[in-house]
Amino acid sequence: MPYAPSFDYIVVGAGSAGCVLANRLSAGPDRSVLLIEAGGRDRNPLFRLPMLMGRLFHSGIYNWRYHTEPVPSLGGRSLYWPRGKVLGGSSTINGMIYVRGNRHDYDRWAQMGLAGWSYGDVLPAFRRSEGHAERDGAYHGGKGELTVCRARGANPLFDVFVEAGREAGHPVNDDFNGAEQLGFGRYDFTIRRGKRCSTSAAFLNPIRNRRNLTITTGNLVRRVVVEAGRATGVEVADGANVRTIRAAREVILCTGTVNTPQLMMLSGIGPGDELQRHGIPVVHDLPGVGRNLQDHVDCVLAYACTEPITLYRELRADRMIRSVAAGMLLGRGIATTFPYEAGAFLKSRAEKVAPDIQVHFMPALENAANLHFPVPFRKPPLEETHGFSMRVGPIDPESRGWIGLRSADPADAPLIQPNYLQSEADCRTTITGIRMVRDVIAQPAFDAYRGPELAPGAAVQSDTDLTAWLRANAMTTFHPVGTCRMGTDPIAVVDARLAVHGIKGLRVADASVMPVITSGNTNAPAIMIGEKAAEFILGVGGAQAPPEGTRK
């Protein structure tokens, strides 16, 4: 598609926030918008079926397929970091769980001096995007582009897990995005009639024919062009061709927690010493770029199931073929569900102001984020096949990492050091979560199904043994944020309106702006950040007082 010589707005990155921004900015016919995506279009039918998410995570076609540097606090292990490289970004390959976070998260942001980011400020932005198929009221929207629905799975172990939580003394929670986050219940999902509702499907597909919106794919932005302290455009690689496209009003970076700081540093905006080390001229010394990396770390507890009722029975090749066909043609069946449908938000100590532990429950065994599929012509023992898994981890971690440049070549993957479990407090919180989940599984609701504990195993009991097991087995829940954080201090990268400190005409709108990670899955907050960026640019929207009720 030919480029116009200039656009009013250039949005770099068609991920969760970028798709929202492209939609909102192009709603006015007097504004020209260019949306640039490094990946391809989201046409693969595998994108549509929720149960196939694990295969997408490991595909190299629509995925940056990053790996961390060896993490010292995990015994030098390097972890796989999938990031979406496709229209819709990571919302096209993620688990589709819709969790906004906790009221306390956003009120804490506001208390840090970030006006416009309290819970009362962000709730209208969440509701504006949301088109919930079943919920309504003060906490939910029913008219937004992003379809959200309740969990769809019928496996009986989901209800067993929630009932066991109640028996252990925890509240049952029908809506983690409502008045309270604490308790056991089922998640909501961005699924529409059995198909994934990515931000591309929700926000781009309905508006592709807008004459003032240009969407390009397969284009890698090499740097932001800055002239006299103002972002005036971007330099784009289209195969062997490199061209500069100008922005009359603003450049907005929506390339995510990994790629946004990388692109800023390649543009000469970042820690001066690091830029000089790679021979990049320093346009603006901004030391916080790439710092403050936060992510949710967790671990997998697994038990054998004494009854053959888990998802394993549905994963046999012939049954999966039928399920995929039913999902594609009719929007029904196991392939239209996501296996981690039940979960919990818990407090490690009663006096905590908000939950600090999250649990995801799946009625199947997990190995490195893949379901155990039946092996042809083999009938293994029950405990190797039927089981259930819980992912447990802290959602208010203290550990902080960083993103750095590997070289000045835009095609080189950046350095990623998350420093998981660097803080002993994160280890303690996770171990507390493990003990709480063990107590839940010990409740009468599981008596008919509970087999041996497979991981970490009944013999692993002491804090010392659990810590050693945790450092050897902990993994990520793929929620990186914070590397271009909002703030007013010298390490902050953007202000409360997402404008980059010291550079005019340049904004960041993605999960990298979070000063502190939200409590739970981070896709919904990233979409909200896109809505807030549109508010700041266009001067629309506004705060709404939160509904009265028990504060989280």
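Modeller: First, a term: buried means under 20% relative accessible area, exposed means over 50%, and partly exposed lies in between, with a 1.4 Å probe and protein chains only. This is a predicted model, in which local features need pLDDT of at least 70 and side-chain atom pairs count only at pLDDT 80 or more, while totals for chains, interfaces and linings use all residues. Residues are numbered from 1 along each chain as its sequence is written, and side-chain values use heavy atoms, with hydrogens and water left out.

Biologist: Is Asn 419 buried or exposed?

Modeller: Asn 419 is buried, as its relative accessible area is 11%. Its place is in the loop between strand E25 (415–417) and helix H10 (424–441). Helices (H or I, at least four residues) and strands (E, at least two) are DSSP runs, numbered from the N terminus.

Biologist: What is the phi of Asn 419?

Modeller: Phi is near 55° for Asn 419, a positive value in a residue other than glycine. Most residues other than glycine have a negative phi. Leu 421 has a positive phi too, of about 55°, and is not a glycine. Leu 421 is found in the loop between E25 and H10 and is buried, with a relative accessible area of 2%.

Biologist: Next topic, the peptide bonds. Which form does the bond from Ala 455 to Pro 456 take, cis or trans?

Modeller: That bond is cis, with omega near 0°. Most peptide bonds are trans. Pro 456 lies in the loop between E26 and helix H11 (463–473).

Biologist: And Pro 452, where is that found?

Modeller: Pro 452 is found in strand E26 (residues 450–455). Its relative accessibility is 54%, so Pro 452 counts as exposed. Leaving aside residues up to four places away in sequence, Pro 452 touches Ala 302, Tyr 303 and Ala 304; contact here means heavy atoms within 4.5 Å.

Biologist: Which strands does E2 pair with?

Modeller: Strand E1 (residues 6–12) runs parallel to E2 and is joined to it by four bridges. Strand E12 (residues 213–216) also runs parallel to E2, with four bridges between the two. Two strands pair if DSSP finds at least two bridges between them. Val 12 has Ile 36 of E2 as its bridge partner, and Leu 35 stands opposite Ile 215 in E12.

Biologist: How does the chain get from E1 to E2?

Modeller: From E1 the chain crosses through helix H1 (residues 16–25) to E2, in a right-handed β-α-β crossover. Right-handed means that, with the strands pointing away from the viewer, the path from the first strand over the helix to the second runs clockwise.

Biologist: How many residues of H1 are buried?

Modeller: 10 of the 10 residues of H1 are buried, so H1 is largely enclosed by the rest of the structure. Among them are Cys 19, Asn 23 and Arg 24. Helix H7 (residues 256–266) has 11 of its 11 residues buried, so that helix is also largely enclosed by the rest of the structure. H7 is followed by Gly 268, whose phi is positive, near 85°.

Biologist: Now the helix pairs. At what angle do H4 and H12 cross?

Modeller: The axes of helix H4 (residues 119–129) and helix H12 (residues 523–538) cross at roughly 105° and come within 9 Å. Axes are lines fitted to C-alpha atoms, for helices over the stretch in contact, and angles run from 0 to 180 degrees between N-to-C directions. H4 is therefore roughly perpendicular to H12; angles under 35 degrees count as roughly parallel, over 145 as roughly antiparallel, 65 to 115 as roughly perpendicular and the rest as oblique.

Biologist: Which residues of H4 make that contact?

Modeller: On H4 they are Asp 121, Val 122, Ala 125, Phe 126, Arg 128 and Ser 129. The H12 side includes Ile 527, Met 528 and Glu 531.

Biologist: And how does H3 cross H4?

Modeller: The axes of helix H3 (residues 103–111) and H4 come within 8 Å and cross at roughly 125°, which means that H3 is oblique to H4. Arg 103, Tyr 106 and Asp 107 of H3 meet Tyr 119, Val 122 and Phe 126 of H4.
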